[in-house]
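Good morning, everyone. Please have a look at the sequence and the model on the screen, and I will then go through a few of the side-chain pairs in it.

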Amino acid sequence: MSAKKEPSVWQGFKAFLMRGNVVDLAVAVVIGTAFTNIVNSIVKGIINPVVGAIGTQSLDNYSSCLKDPCRVSADGTVKSGVPIMWGSVLGATLSFVITAAVVYFLMVLPMSKYLARQAARKAAREGTKEVVEVTELEVLKEIRDALLAQRGAGHGER
């Protein structure tokens, strides 16, 4: 009775880590974290001051009250009422939209164009290769036909 030896937990973990997509995911998380800091700086340094020119400096200060009187302490705890902090939602939404736009315009769009150019070059090379192969095939057919014609003419003379 032969029992099939199952891989150890360590071997399975090692195989999991060595798969390419795990490394790619780790790199993406690290770059994403660094990129988040950049976007947060843009929102804090550019977007919030622009909004501050219209109203308050921080979007977090925008809120509405469902049940009066709304009193929120300096540390953010609600003392009375039911406040809706829609300014923080707006700030998070702006951060998301800015992040998505920057990722799309600086990473996705250029990479898509690059891959499309590569595919077009590859298609052009394959098209040229097919033309050369077809031309060679036609030349070989012509040579065959010429040889058959010579052979046919040679048989008639004997």
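Cys-70 has a relative accessible area of 28%, which makes this residue partly exposed, a word we use between 20% and 50%, with buried meaning under 20% and exposed over 50%, all for a 1.4 Å probe and protein chains only. Please keep in mind that this is a predicted model, in which local features need pLDDT of at least 70 and side-chain atom pairs count only at pLDDT 80 or more, whereas totals for chains, interfaces and linings use all residues. Residues are numbered from 1 along each chain as its sequence is written, and side-chain values use heavy atoms, with hydrogens and water left out.

Which residue forms a disulfide with Cys-70? The partner is Cys-65, and the two sulfur atoms are 1.8 Å apart, where a disulfide is taken as a pair of cysteine sulfur atoms within 2.5 Å. Cys-65 is also partly exposed, at 30% relative accessibility. The torsion about the S-S bond is about 85 degrees, so this disulfide is right-handed, and a search of the whole structure finds one disulfide.

Let me turn to the aromatic rings. The whole structure has two aromatic pairs, counted when ring centres of Phe, Tyr or Trp (its six-membered ring) lie within 6.5 Å, with planes under 30 degrees apart called stacked, over 60 edge-to-face, and the rest tilted. Trp-10 and Phe-13 make a tilted pair, with 6.0 Å from centre to centre and 40 degrees between the planes. Both sit in helix H1 (residues 9-18), three residues apart, and are thus separated by about one helical turn; helices here are DSSP runs of H or I with at least four residues, numbered from the N terminus. Trp-10 is exposed at 62%, while Phe-13 is partly exposed at 41%.

Tyr-104 and Phe-105 form an edge-to-face pair, 5.1 Å centre to centre, with 80 degrees between the planes. Tyr-104 belongs to helix H3 (residues 86-157) and is partly exposed at 39%, whereas Phe-105 is exposed at 53%. Leaving aside neighbours within four places in sequence, Tyr-104 is in contact with Leu-109 and Pro-110, contact meaning heavy atoms within 4.5 Å.

Finally, how many salt bridges does the structure hold? There is one, between Asp-145 and Arg-144, whose closest N and O atoms are 3.1 Å apart; the term requires a side-chain nitrogen of Lys or Arg within 4 Å of a carboxyl oxygen of Asp or Glu. Asp-145 is partly exposed at 42%, and Arg-144 is partly exposed at 45%.

Technical notes:
Helices (H or I, at least four residues) and strands (E, at least two) are DSSP runs, numbered from the N terminus.
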